Structures are given as structure tokens and as C-alpha cells.
Amino acid sequence: MTDYPHLLEPIQLGDLTLRNRVVMGSMHTGLEDHTWHFPRLAAFFAERARGGVGLIITGGYAVNRRGWLKPFAGEMRTRLDAMRHRVITDAVHDAGGAIALQVIHAGRYGYSPFNAGASDIKSPITPFKPKRLSAKEIDATADDFARSIELARKAGYDAVEVMGSEGYFINQMLARRTNDRTDEWGGSAEKRMRFPVEVVKRARAQVGPDFPIIYRISLLDLVEDGQTWEEIAELARRLEAAGVTMFNTGIGWHEARVPTIITQVPQGAWLPWTERLKGVVSVPVAASNRINSPGQAEEIIATGKADLVSMARPFLADAEFVNKAAEGRADEINTCIACNQACLDHTFRNRTASCLLNPRACHETQLVLTPTRRKATVAVVGAGPAGLSAAISAAERGLAVTLFEAGDAIGGQFRHAMEIPGKEDFRESVRYWTRRLEVVGVDVRLNTRVVATDLSSYDEVVVATGVQGRDLTIPGADHPSVVSYADLLSGRVTAGERVAVIGAGGVGVDVAHYLTHDAGEKIGDWYAHWGVGTGDEVGGLVAKTPRPTVREVYLLQRKTTPIGIGLGKTSGWAHRAVLKDSGVQQISGVRYDRIDDAGLHLTVDGVSRVLAVDTIVVCAGQEPVREVYDELLASTDTRMGSGHGVHLIGGADVAAELDAKRAIAQGTKLAAAL
Ligand code: NAP
Ligand code: SF4
């Protein structure tokens, strides 16, 4: 008996039997491009195959050089390429899994001066103007796709996925926005559809009737002059007739100004369009985007909205996701919180992807938590992300760990984050840590404030006492209207109708969202606020409906740079858009003068003014909390006093620009070395 009978049911795709309906969607990890990284990539995939994933899909491999994602990007072009991929396919097969190669042509998204597209219209997210391909070159590109697919089969891949969404070349061929041709590859919707249909037909002719060809179809382009639903449905019918075995789904081009996968997107937001596609085709359809739990995945399949569920980032966070679900241990899953901080933000900055919650992701061969025979005792002081990762990882290695927490709950700064609208998933991390501490046998002592002498019997002491919000030092900082973000988010104080937020870092932006969020927002309102239509409109877009003004909020900083510029590359733009649409007044270059009963007095560009606010929330960064550490170093205990066996991590170590990614990675790496 299982809680997930539909999700765990096998499914046939051509000549391939998948052991379940869980697909690990394509992610570019940064390990795809050079063969010397292939052993690491193989280890990354093999760990997910051992974890029970039904089908793994690789990051995109270019079908030719014009289709590179960036200079010297991974490609599947020659027999030598195919041979080199054997290390990957063999590792996955040895681990009992199945793997598909994604074939891609980046088109005008290619971050390379050699990029090429349906037209020479430059994309807003790359600096390179694409070469406009001739009709003959487009024909040859279809052949290149077919050859890549055949080479993938030779390399031992069990299937291929043709990347037809997210605004890459195929998607560009399909949309008027980027295809202004008047030859046989453009001019009408029918001619624009020719390219992907030719790709599938030619590939099918090469690989025979049974090799699974998955096509990732764009269900909503979410850009002006994108496709209409009528065109997308017709494309799907033609692709099925051409030989597609299964459809995977994609939402939104990379240049779309509607968020599609970040944490503020409601879970399952895109399922209505997947369900609609299922009504159009008879081959299996996979749902994707903002799905992160086995319960949700089960429901999607059980209710017939899709036949399979594709999740990508959840497998960075937890390689064992499927096994845990299958073994009745779903409460042990480390749930992806859709923050993008260590995965997509890394990829778009040309760094190897990983996971904020699981720093071992893509570093499986480097960050190894080897079991230890050492009989050491470890005290961890502080149960925020740094202390939790150190305690759990040390216990996983077999060390005897005691975790001391002065407060009445674990989670540290995550407890504040989970109060932010759209960051509810952060609660899942607290659930995961709570359960994991139990499973690995950490002795957790809540409500226990320790001093140095309490720790003298431990062989190793890890101090992870975290941070406290920085106090204001301006005149009137002790005025009753001044509150800390911690007091606000923990519900100890309630903000008035007019609020000033001092400090516009990650926390200040979060607090501004918290203060202006419409608590009654439903999924329909979310679509309306972002201008998402039904799909029948061109590009699936309609005019945005204004957000209601909930409060008068000022978000302030002393720097003169635009507010929110330091936020994540793939999510910051969406946070900034919500602030603007919610009427948050953002003021940079501020000098804070004083606070009194009239409000917050400040000077901007030499002009003094007063913001007549009821509440002033201080989000001015953090200071490390180090009392215990300082006591340990000052202790007369010769071992502790010399710092031997004492380790300082997380915000208590460096508070400046502290984030959970650094804290968790530091805790895990320390535990690996104890
Ligand atoms: P932060 O990023 O350091 O921002 C605090 C801001 O307060 C500074 O940018 C500074 O801006 C201002 N400030 C500093 N000292 C001040 C003083 N004495 N008086 C008045 N203003 C002062 O800190 P945070 O916002 O607390 O965030 C902490 C960490 O968590 C950061 O790394 C952040 O990226 C991360 N985080 C990220 C997210 C996310 O969405 N990715 C969300 C929450 C937190 P000025 O000097 O310009 O005034
Ligand atoms: Fe998910 Fe964040 Fe990890 Fe990326 S970094 S996989 S979004 S939890």
C-alpha cells in the first residue's frame, strides 16, 4: 500500500517502461559543457536514479554550433560526443534509472556572438544580435536535430526531449514576435509550425517507431506576439501525428515579465493549461512548474490533469524524494522552496548550480558525508539554518550530537521568512529539519540558553548563535513607533496604516511585501495582477489589473542605487514589480534625521521632509551574536580557551549579507570535516 498509487504506477513510452511517473525535468547545472565534468554529472544523475526517479532529463545539448547556449556549450553533434556521453548513461542505468537527453537550439537566446535565429531580432536578455538563418540553413537545422536525436540513442539514452518552449529557437520559429519570415518557414501560423513538425518527422524516420521522443511544448508564451492557444493546440496535434511519444510542458519565455516558477507563484498555477493540452492529444502529457510535493503530484495524476509530473529543482533539494514517498517517509523530504538562490541564480551567473538547502547537489563527489568511527561528542549551539545543517550532517556521519537552542523552536531566520506572503514553503524546511533531527538522533534541547561551562565536556563545539537585527542610532530611535522586523513578523506588534521601512535589503523588501499583500488574493486575482489571460489571447497575455492598495508604505535606503538591485537575478525583477504595483514608495539616497511624534524626518537630495507614519520598521541588516563564542575563547579551559575544537559558523561568524545558502553550506562542510 502506498499513499501515491497513481504517481508510482509504471507507464510505457514507446519501447521504454518507466517504473513510475516522476520525471526529473531538465536543468542546466553547469556540468554539461565539458567532458571533464561528466563524471560529476554522472554522479549527480546516478544519485537521483538511485533515489527512485522514473525518468531523468539532462540539461540542454546543442544540435549545432549556432545553437550553443554559450560559447563551447555542451553539444550532441558527432559520434565522439555520443561516445563521451556513455559515462553518464551507464551510471544512470547501473543505478537502475532511465535518462533522456534534451536537444536544444538556443536561437537568439544563445549567449554567443555566433547565435542565430528565425530573424535578426535581438532578445532583451542577451547582448548578441542573432544571424537571420536562410531557408536552407533552417532546413539543415531540422536535420541537425534529427542527427542529434539519433546520436543520443547511440549514446545509450533511453529517450530524447526536444526543447520547444521557454523561448528557445523552436519557440522562436513558432511566434510572430520573433519569426517575421515570408518564406516556407513563416508568414502564417501553419508555416511557422513547420519547423518543429519537420524535426519530429525527420527524427522519427531515423530512430524508428519505438524510441521515445518527448516534445517540450510551450503552453503559454507570456510574451507579446506569442502564440494563441488555438495555434498551440494545432501544433500539438501535428506533432503527435509526426511521431511525438509524450509531451512535457513549459510556461513562459525567459524574457516573459510574468514569474512562472519562483516562490511567489501559487503552486500548481499552470495546471489548467496542462489539462487543456490533455484534451487535445492522446499521448501522455507531463505537468511541470511549481510542483514540489508527492501529494500534489499524486493528485494531479489521480484527477487526470496529467499522466506524469515533471519536477526539476525538487531533485536538487532531495535526491531521495521518490524513495521517501514510496517508503511512507514523505515527511522526510527536503522540500524545494523555489528560492532559485543556488540553482537558477547560479546558472544565469555561469556558476555550477546547487541547492540552498542541499549544498551536496552537483557536488556529490566533492562534499561527501562519510560515516566516521570517531566516538566524538558534538555540541551545536543555535538551531538556525547553519546550526541545523551542522547538527544533522554531523549526526548523519555517526557523531553524537546535542543541539542547544535558546528559543522555543528551531528554524532561526527561516521562521521570519515563512511569514512572508509567497514564502509559505519555508515552513516545509522547518518541518524537514524537525523530522530529520529525530531520524538521525540529534538530542535537541529547546529553551536552553547555554554558557561556556555547559559545553566543556564536548569534544567539538559548533557555535551557530546567529544574528540580531541592527538597532538604529538616529535621534528618536527609541520612539514607540519604531519596531524591529522580528517583532513585526513574529506578530508581537501590528503595523499601522502608514509605515516606513528603514533598509531595503532582502528583509526590507520582504517586509514591504508583508505590509502590502492583499490577504484575500485568490489564484484568479494572481493571474489578473500579472496579466495572465486564458491562453486564447495572443501570447496568453491581457492587461494587468491593478493591485489593491492595502497600506501606505515607504521603502527607504541610504544608497543611491535602485532599490532591490541586490536581489536574486531570476527573482529580483518580480519582487520589484510587485512592490511597484502595490504602490510601495521607494526612496533611495535618504539621510535619516530623527524620529518624533510627527513621524520620520529625512533629507533626500538636500530637501528635508517628514514622513507622517504610524510605524517605522527597522530592517537595517544584522549584527553577529557571539557571547557564547567569546566566552569559550576566554575560558580557562585550556582546550576551549585556545579555540581548539570550537567552530564559529553562519551569521555569528559573518553577519554581513548573511544568507541561508552560505549558512547551510558552511554548516554542512564543517560537519564533513569533523
Ligand atoms: P542587508 O541586505 O544587509 O540590508 C540591510 C540594509 O540596511 C542595507 O542594505 C543598508 O542599506 C541598510 N542599513 C545598514 N545599516 C544601517 C543603519 N545603521 N541604519 C539604517 N540603515 C542601515 O540585510 P537584510 O535585508 O537583513 O538581509 C540579510 C540577508 O538575507 C541578505 O544577504 C539578503 O540578501 C538575505 N535575504 C534575501 C532575501 C531574498 O529574497 N533573496 C530575502 C531576505 C533576506 P543603506 O546603507 O543603503 O541604507
Ligand atoms: Fe529549490 Fe532554492 Fe534549492 Fe533551487 S536553491 S533547488 S529553488 S530550494
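**Exercise 1.** Is Tyr-215 buried or exposed?

*Solution.* Start with the cut-offs: buried means under 20% relative accessible area, exposed over 50%, and partly exposed in between (1.4 Å probe, protein chains only). Tyr-215 has a relative accessible area of 0%, so Tyr-215 is buried. A note before going on: this is a predicted model, where local features need pLDDT of at least 70, side-chain atom pairs count only at pLDDT 80 or more, and totals for chains, interfaces and linings use all residues. Side-chain values use heavy atoms, without hydrogens and water, residues are numbered from 1 along each chain as its sequence is written, and chains are lettered from A and ligands numbered from 1 in the order in which they are written.

**Exercise 2.** Find how the rings of Tyr-109 and Tyr-168 are arranged.

*Solution.* Rings of Phe, Tyr and Trp (its six-membered ring) pair if their centres lie within 6.5 Å; planes under 30 degrees apart count as stacked, over 60 as edge-to-face and the rest as tilted. By this rule there are 19 aromatic pairs. For Tyr-109 and Tyr-168, the centres are 5.5 Å apart and the planes stand at 85 degrees, so the pair is edge-to-face. Next, check burial: Tyr-109 counts as buried at 5% relative accessibility, and Tyr-168 counts as buried at 12%.

**Exercise 3.** Which residue lies over the face of Trp-573?

*Solution.* The test asks for NZ of Lys or CZ of Arg within 6 Å of the ring centre and within 35 degrees of the ring normal. Arg-257 lies over Trp-573, at 4.3 Å from the ring centre. Trp-573 also belongs to a cluster linked by ring pairs, with Trp-270, Trp-273, Trp-526, Tyr-527 and Trp-530.
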